[in-house]
Amino acid sequence: MSDQPAPTAGFATRLADGQWHRLYWASPLLKGGFALVAILGFILANLRERLVDFFITPGPGPGDGPGPGDNGDIVALVYDHGQTGVALLIIAGVLLLSIVAFSVAWRMHTFRISADAVEVRSGILFRHNRQARLDRIQGIHITRPFFARLFGAAKIELSVAGQDAKVDLAYLGSGQVDELRREILRRASGVQQQEAETVAAGAEQGLVNRRLHELLAPELDPSSAPAESVVRIAPLRLVGSLVLSEFTVFLLVVVAALILSATWVHHGLVLVLLLPSLLGSLGFYVRRFTKSVRYSIAATPDGVRVGFGLLTTSNDTLPPGRIHAIEVTQPLLWRPFGWWMIRINRAGHASSHGSAGQHHTLLLPVGRASDVDKVLGLVLPGLTGAETRHLVVGGLSAARGAGFTATPRRAMVLRPFSWRRTGYATTSDAVLLRSGFFWRRLRVVPLARLQSLHVAQGPVRRMLDLAELHFNTIAGPVRASLGVIDRGLALSAFESLSAAAVAAAASDSSHRWAEHPEPPTPAEHAERPSPAEDAGALEHPTPPEPLTIAEHPPIGRIA
Amino acid sequence: MSESSDSGPLSAGLAGLAGPDDDWQRVSPKYVAVEFAASVLAGLIMSAISVFFIVVAGWWLGWWMLGASLIVTIVLLVVAPRRARAIGYRLRDDDLLMRRGIMFFRIVAVPYGRMQLIDVNRGPLGRALGLSDLKFVTAAATTAVSIPGLPEEEADALRDQLVALAETRRTGL
């Protein structure tokens with residue numbers, strides 16, 4: 001628990017040399033050691049008086065006068081001492097065992113980063129081995145909890161697609177984590193040869209100075225992203241957006257209902273019962289606020305970086321091509337202020353709900369239209385061109401037209417208000433869906449990420465000569481579909497977009513985003529078997545590459 | 001709610017989209033038997049529940065339930081052949097088209113490269129008739145492409161062919 005690797009410059013390249021490495025020396029403490037220390041402290045505090053008795057007992061000296069209960073007192077004292085001794089022994093044993101367990105677990109927890117995969121081994125009795133391919137990484141999340149920051153430690157989480165599919169490295173040195181992230185992304189990007197930059201600054205300062213420097217440093221390193229690409233959220237706007245949320249309306253309605261029921265029906269008991277949970281729900285604001293304070297979105301060479309947090313800071317890097325759908329929405333109360341919110345669908349954290357998963361899919365908690373423009377430009381560079389700018393503007397504001405298809409008036413039966421806004425538009429690499437009258441929505445699906453699309457029609461839409469158009473993406477908060485669309489339009493969109501999706505997927509190279517392969521030649525294209533001629537002609541079709549990570553069952557081996 | 005023919009307005013539009021109607025690969029005619037059996041089974045279960053209510057609970061509502069379940073079963077049995085005929089798939093150059101449904105019509109296009117895995121299932125009745133169900137799974141749960149009622153060897157051949165096609169057109173997630 002003590003052989004501390006000196007955190008020096010170039011540590012990341014040393015970490016990523018393909019050899020097995022251990023985690024940061026303070027990880028056992030940060031992972032569970034503090035709980036242990038706290039429990040021990042609690043026990044010791046309770047036993048304090050007994051302990052004082054135990055060690056500094058004024059023994060019954062000869063000078064003491066004989067008293068009535070003297071004999072009984074000594075027996076009680078001996079009895080007492082025996083008990084305290086046993087308790088002390090137990091505490092010492094537990095302490096020793098935990099220290100041994102923690103340090104053995106720490107020694108057994110090793111990881112290595114090779115050219116194309118990251119592998120983690122852990123466990124004492126049940127060995128666990130997990131390997132993830134670097135080019136399958138969907139996002140890199142770095143968290144620096146407050147306590148860990150005091151120790152100069154940070155947690156890095158590499159997520160790949162799939163349920164609970166991530167590689168956690170908790171904890172590593174704070175300075176090394178950023179380097180490691182850069183190194184992993186560099187390898188994942190397909191750039192094989194690049195000069196390994198070494199940062200020597202800060203290595204000479206003392207320990208305390210370094211910690212202080214890390215604590216006070218801005219959440220986003222100014223040198224890592226061009227300043228004009230950075231989108232920030234003013235604290236006042238953040239507070240305003242939280243106050244004007246639908247949750248507030250809900251809360252006010254509940255409070256009003258409670259007051260009414262308490263005054264008219266005279267059931268004060270209801271009030272007493274519901275008040276604590278109501279107060280607890282205020283935690284929602286605190287959570288959202290702490291998750292969004294000091295928020296910044298910036299473009300780095302290896303993807304979009306989202307950072308936030310005041311005491312506990314986090315940042316999330318999304319490599320290019322990892323966003324499957326984008327939704328820009330405006331809750332009704334935000335309209336006077338012109339605020340918007342951006343949500344995304346991404347693989348990796350798709351099915352995690354609750355507060356833990358929320359900030360992974362909430363890309364921009366609140367922002368003006370200009371911020372939306374910037375962020376959309378970061379995540380979809382194809383949308384920044386002058387010819388597509390009006391589509392975004394139209395998608396956010398216009399009631400009808402503005403480059404989007406129109407929905408016939410008969411759709412009013414099904415969408416009494418929003419039928420004017422319902423429509424789609426296409427760019428060279430994405431499809432934009434506009435809908436919503438009260439809650440305005442603009443959804444963007446990159447065609448290279450589209451999994452499939454379908455047209456559906458039920459009896460009602462058949463009578464109205466309408467149809468539904470669905471764009472199927474990875475599961476997430478964004479559901480890209482148009483509820484009403486003219487039947488003929490739906491069919492032509494189905495035809496053109498299914499072809500466009502195939503073309504976009506074929507030309508997409510974002511899983512190795514920095515690699516620039518030569519475009520497929522016509523000859524190469526011709527040799528691909530066509531479905532009509534190769535029916536049953538293949539003897540040994542190789543199964544597709546596994547989607548996520550290789551995870552081995554525990555091996556019953558005590559190493 | 002009246003449905004006169006196999007080709008509703010949307011499927012009529014499909015003729016232009018996906019070639020003549022004959023281009024669709026249909027499922028085995030024997031699949032109708034599976035649909036029949038499923039409808040009869042559902043009808044029997046609903047009737048049994050109704051009878052339970054009539055006999056044990058003595059509710060007059062049970063008679064209505066019994067009548068309704070019988071009518072639903074008869075309607076299902078009548079439309080079953082057409083529903084089976086409405087299921088079809090087509091292998092285009094770069095994607096798989098799949099259609100099903102009469103009243104609730106749905107047509108899906110899935111690029112081959114999006115395949116994550118293919119399931120071939122056989123139910124007890126399907127096995128007796130030599131039929132398999134093939135399911136094409138993508139990373140999006142809403143894709144829901146499943147082709148029921150394929151003859152066993154056809155299902156296996158189709159699976160191998162789809163896997164091979166996916167291999168040549170593999171893309172990222």
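A: Strands are DSSP runs of E with at least two residues, and helices are runs of H or I with at least four residues, both numbered from the N terminus. Two strands count as paired if DSSP finds at least two bridges between them.

This is a predicted model, in which local features need pLDDT of at least 70, side-chain atom pairs count only at pLDDT 80 or more, and totals for chains, interfaces and linings use all residues. Residues are numbered from 1 along each chain as its sequence is written, while chains are lettered from A and ligands numbered from 1 in the order in which they are written.

In chain B, three strands form an open sheet with the order E5-E6-E7 and antiparallel pairing. Strand E5 (117-121) and strand E7 (145-151) of chain B are the edge strands, each pairing on one side only. From one strand to the next, the twist averages 20 degrees, where axes are lines fitted to C-alpha atoms and angles run from 0 to 180 degrees between N-to-C directions.

Strand E6 (residues 131-137) of chain B is joined to E7(B) by five bridges, and the two run antiparallel. Within E7(B), Val145(B) is the bridge partner of Phe136(B), and Pro151(B) is the bridge partner of Leu131(B).

A residue is buried if 20 or more other C-beta atoms, placed from the backbone, lie within 10 Å of its own, exposed if 12 or fewer do, and partly exposed in between. Five of the seven residues of E7(B) are buried, so this strand is largely enclosed by the rest of the structure.
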